[in-house]
Amino acid sequence: MSVRQEGESLPLRQESTRAWGGPGAGAFNSLPLASVGIALAAFVVVLIVIAGIAITAVQMNYSGRMYPGVRALGVPIGGMNRDQARAALSEQMSILSNRSIVVGYKELNWTVAGHHLGVRPDVEPILDDAYQLGRDGNLVQRLMAQVRLATSGSVSDVQAPGFDPVAMGAFMQALAGAVDRPITDARLAMSPDGTVEFVDGQPGRALQVDQTQRRLEEALSRPDVGYVELAIEELQPKVGAEQLAAAKAQADSLLSAPLALKFQDQQWELTPKQLSSMANVAGTEGVQLDRAAIKVWVGTIAKEIDQDPENARFSWQNGVTTLLRESKDGRALEIDKTVNLVLAQALSADRNISLPVSVTKPDVSQDDGAKLNIQGSIEIARTSFAGSSPPKQHNIGLATQRLNGVVVPPGKEFSFNKEVGSTSLDAGYKLGWGIANNGANVKTVPSVAGGICQVATTLFHSVFWSGYQVEERNYHLYWITGYNSRGVEGLDATVDEEADLDFRFINNTENYLLIQSWVEGGKVVFGLYGTKPDWTVKVQPGERMDVQKASQDQVVEDEPSLAAGQRLAVEGAMDGFKMVNTRTVTKPGDEPRVLRLTSLYRASRNVVLVGTGGKPPGPSKITPNRAASASAGTGATAAPAPKPTAPQAVPTPKPSAQPAPVAKPAVTQPAPVPKPVISPLFPGGASAAPKPSR
């Protein structure tokens, strides 16, 4: 029995063991799915009911109170009703309003109180915002917000409504004004006193307002924070000390010492002060010098260095050639090269410059005496200045002396104005008289160096009759009978450097030509010496044409420059006319050279000047039909012209090595007056004569 029972129990246990996978399991799996769904739904409903009860309990429990986890102004007010929260927040607001905190950045520091930042004493807006936490939105949104509040209250700390935006904005604006700083690049300049001024660059600063404001608001809610670092953006300068290092080195070199410019035994200096005025610093491009300013300064040196070459002058007498004046080399400072040297060396340590000066040799050296090969006289001309005023005598003698010994090399040009030099008072000339052309009015007026036209005329006579090539000759406004040459009228020559009137001719031979001039008695003499040209000269004198009869009335005019009561006859009545003289020069094998000299002379008057001693002149006084002879104040004279004679050789005098001394004037010189424009007269008022044909 027992065995059988044991035998029967084994299968039962075995069946039991297989119940999950055998036929028993199949019975369980065969339960209806609807029954499982119903069970799950019932479970969810139970959960919802429980949650609803819990939510309802929470909502009822926190009705009129802050949800758990709510914070405001850093104060936990979860679970408090409005009165409790108001009291807590009011206390915190008082603390915030009176609390001081330090704000700063590097060397900048300020202490501010909460009320400076606009902490509001009214906590109602904060209470409203805090109370609404977890109460906005639909049910799900509210539940989720409440869960977040309960688990992480710090994310819902109400802050912003505690600050007045206007007050906070004003504070932040004032703070930015104190903090902000523009970028300042490093600067290099040269002061007028010749020193270098260097200012290093400085970074710019800009307050990051929003970020700084957040830091302040957060710090005020945390009692443990006593310092807030301002949020500042720094902007570095583009040009700093490193970028200007090269320019500063240049400036230091420029102003380290004067720049010395040397020529022979002369020296000029550009001082640091002068260099500073001519330079500027162009940022990182370095120091730049003003080329134009340097060129102007170099031009002042050129005036001291430059000189025209000066030919030697000689005297010839009895076959012996003697040196009268040594020659001088011409010099010209090469201005552009000098400017380049200054620009190059002004910024270097070398403070010395050797000036580049070009040298021009004279056409006639002092060693050329043997080359002159003087054979004798070629032509001699004389004009008389007897009876002229003492100033005119002086001027004639001085100009004659300054032309003596001029040598004109073969093919070279002679210029009266160049060779005679300055005709100013400073050059030793005196106030004489000249003929001024002011449109329709022509009159004799005070003129510095009055009388030199007679010197030019006498030299012109010798050149004209000897046949040399005339380049420029200008005639006077009036015809002066004393300028007749061999009975020919119209052979005068007027000169005036200021009016650009010159007498010029070319030595168109292969031999040197020596000009010797001197005064003998009351005459000025010009002689040409050398080898007589192998050409023939024929002159066809002209006839007076278009004659304008001169009035014989005597005109008396006041002259302030003369002493009171002093009388001086300056013009004699002479007819005006046109004259054309023709000179023909013929050289074997060459085409004849023909020179036609056309002169137009106005009619002159009988004029006597009466001095007023500086008083203003009155009206002219005219005495009809009384001819008066003028003295040679301008060379004008009423003396009759000499009878015409045929051209003939003139005996050669023996010139001295030096001109005769000039007679001293016997009267006091009048006060200097400006030199008038003395010009020839042409139809239509032209003031310069055309070059004659040759």
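Ile 48 is placed in helix α3, which spans residues 33-61, helices being DSSP runs of H or I with at least four residues and strands runs of E with at least two, numbered from the N terminus. The model is a predicted one, in which local features need pLDDT of at least 70 and side-chain atom pairs count only at pLDDT 80 or more, whereas totals for chains, interfaces and linings use all residues. Residues are numbered from 1 along each chain as its sequence is written, and side-chain values use heavy atoms, with hydrogens and water left out.

In helix α5 (residues 124-132), the buried residues are Ile 126, Leu 127, Ala 130 and Tyr 131. These residues cover an arc of only 130° around the axis, which puts them on the same side of α5, the arc being that of the directions from the helix axis to the C-beta atoms. They pack against β1 (71-72), α4 (82-98) and β5 (157-158), with contact taken as heavy atoms within 4.5 Å.

A salt bridge, defined as a side-chain nitrogen of Lys or Arg within 4 Å of a carboxyl oxygen of Asp or Glu, joins the side chains of Asp 128 and Arg 82 at 2.7 Å, N to O. This pair links distant parts of the chain, with Asp 128 in helix α5 and Arg 82 in helix α4, 46 residues apart. Asp 128 is partly exposed at 36% relative accessible area, and Arg 82 likewise counts as partly exposed, at 25%.

The side chains of Arg 504 and Glu 413 also meet in a salt bridge, at 2.7 Å from N to O, and this pair connects strand β26, which holds Arg 504, with strand β22 (residues 413-415), which holds Glu 413, across 91 residues. Arg 504 counts as buried at 14% relative accessibility, whereas Glu 413, at 40%, counts as partly exposed. Elsewhere, salt bridges that share partners join Arg 82, Asp 83, Arg 86, Glu 124 and Asp 128 into one network.

Technical notes
Buried < 20%, exposed > 50% of the residue type's maximum accessible area, 1.4 Å probe, protein only.
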